[in-house]
Amino acid sequence: MNTPDQPAAETLLSVRGLKKHFPIHGGILSRVVDRVHAVDGVSIDIARGETLGLVGESGCGKSTTGRCIMRLIEPSAGDIWFQGQDVIAMDAEALRGMRRDMQIIFQDPFASLNPRHTVGGIIGEALIIHRLVKNRTEMEARVVELLETVGLAPDHMRRFPHEFSGGQRQRIGIARALAVEPKLIVCDEPVSALDVSIQAQVINLLEDLQEKFGLTYLFIAHDLSVVEHISDRVAVMYLGRVVEVATAGDLYANPLHPYTEALLSAVPIPDPKIKRQRIVLQGDVPNPIRPPSGCHFHTRCPIAEPRCSTEVPHLKDAGGGHLVSCHLRG
Ligand code: SF4
C-alpha cells in the first residue's frame, strides 16, 4: 500500500483520504450541532486476489469504511477507485453495475436474510436483479450449484433462514454474495457472531472460494487473531485512521505502532514456551465526536511526546512496504 494519487494497474481497489463524519442534530430546528468523525482520512489499496485484513476495536470506523467503499453510505470526502473506475462519481445505474462486482457479507447473517423468503428465493433474487438467469429452471439449477459450492445441500433451498444454525446462515450469505460472481467481497466481521469451532470452518470456506474464483477480500474484524490466518496484509485502525499496514507475517512478528503492540499483546500464543508481555492501555477509546488533536492515540500512548498532541503523524514506509503512522517509529 502506498499513497499515490492514482492507483497502480494491478490494484483492484484504491481508497484515498476517505472520510465519513456523521452529523448530530439538536435543538428545536434540528440543526447540525456536532459530527462523529467515524472515518477520518483512510487510504488503502487492495491488489487483485489479495486479502486485506482491517482490524481495530469496535467503533474505530472499520465497518463504516467498508460500507463507504460500497457506497452503501455516502462518504463525506475522499476518492474510491474500483477496477480503475471512480466510484464516487458513479450515478445510480453505474452503482448498480458496480455492486455486481463488489459484494458484502455481514456479521449477523440472520439479520441480513429476509426471514419470509426461502433460501432459494434469497439467493435467486440476486440472480434475477442482475439478469443472470433466463427462467425459473435456470435459476433453481444455479441456486443448487451455489448451495453445493458453500457446503449446503440442494434441498436447503426450500427452507427458511430460521431453520439453520449461525454457521449455515453465514454460508447462505456467502452463497448470495457469490451468486453475482463478484470480484471483491467486503467481509464485515463475518465470523464474530459464530462459535470458535464454526469460525474456522467459515474462514476455511472463504479461503477455498478465493482460490477457486480468484476473489479479493476486505476482511474486517476486531480481533487480530481472526485475521492473521486469512490475510495477506493487515491494516490496523484507531479512531477513524489507519495507523499501521504490513504483511500479516511482518505485522505479527514486528509490530511498529504502539497501538498494534498493545492489540497483539492481548492475542494468546498457542506455544506456552513463548511469553509475551501484556500491554494494558490506559483509559477508554476517546469520543469520536471530539477526537484528540495531533495523533489520535496520544491520550493512551505509553511513549507519547509533547509534539504528539499537536502534530498529525502520516503513514510512512518503514521499509519493505511496512507502513506506520507514528512520529517515533519507522
Ligand atoms: Fe504514540 Fe506519538 Fe507515535 Fe502517536 S505519534 S503513536 S502518540 S509516539
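Begin the tour at Asp284, which at 66% relative accessibility counts as exposed (exposed means over 50% relative accessible area, buried under 20%, and partly exposed in between, with a 1.4 Å probe and protein chains only). This is a predicted model, in which local features need pLDDT of at least 70 and side-chain atom pairs count only at pLDDT 80 or more, while totals for chains, interfaces and linings use all residues. Residues are numbered from 1 along each chain as its sequence is written, and side-chain values use heavy atoms, with hydrogens and water left out.

Asp284 is found in the loop between α10 (258–265) and β11 (316–317), where helices (H or I, at least four residues) and strands (E, at least two) are DSSP runs numbered from the N terminus.

Next, select Arg71, in the loop between α1 (62–69) and β4 (77–82), and then Arg131, in the loop between α4 (119–129) and α5. Most residues other than glycine have a negative phi. Arg71, although not a glycine, has a positive phi of about 55°, and Arg131, also not a glycine, has a positive phi of about 50°. Arg71 is buried, with a relative accessible area of 12%, whereas Arg131 is exposed, with a relative accessible area of 74%.

Which residues of α5 are buried? They are Met139, Arg142, Val143, Leu146 and Leu147. These residues cover an arc of only 140° around the axis, which puts them on the same side of α5; the arc is that of the directions from the helix axis to the C-beta atoms.

Select α6, residues 166–178, for another helix, which has 13 residues and reaches 18 Å from its first C-alpha to its last, close to the 18 Å expected. Here 11 of the 13 residues are buried, so that α6 is mostly covered; among them are Arg169, Arg171 and Arg176.

Finish at the ligand, and display His257, Pro258, Cys295, Phe297, His298, Cys301, Ile303, Ala304, Cys308, Cys326, His327 and Leu328, which surround the ligand (a residue is near a molecule if one of its heavy atoms lies within 4 Å of it).

How values were computed:
Expected span 1.5 Å × (residues − 1).
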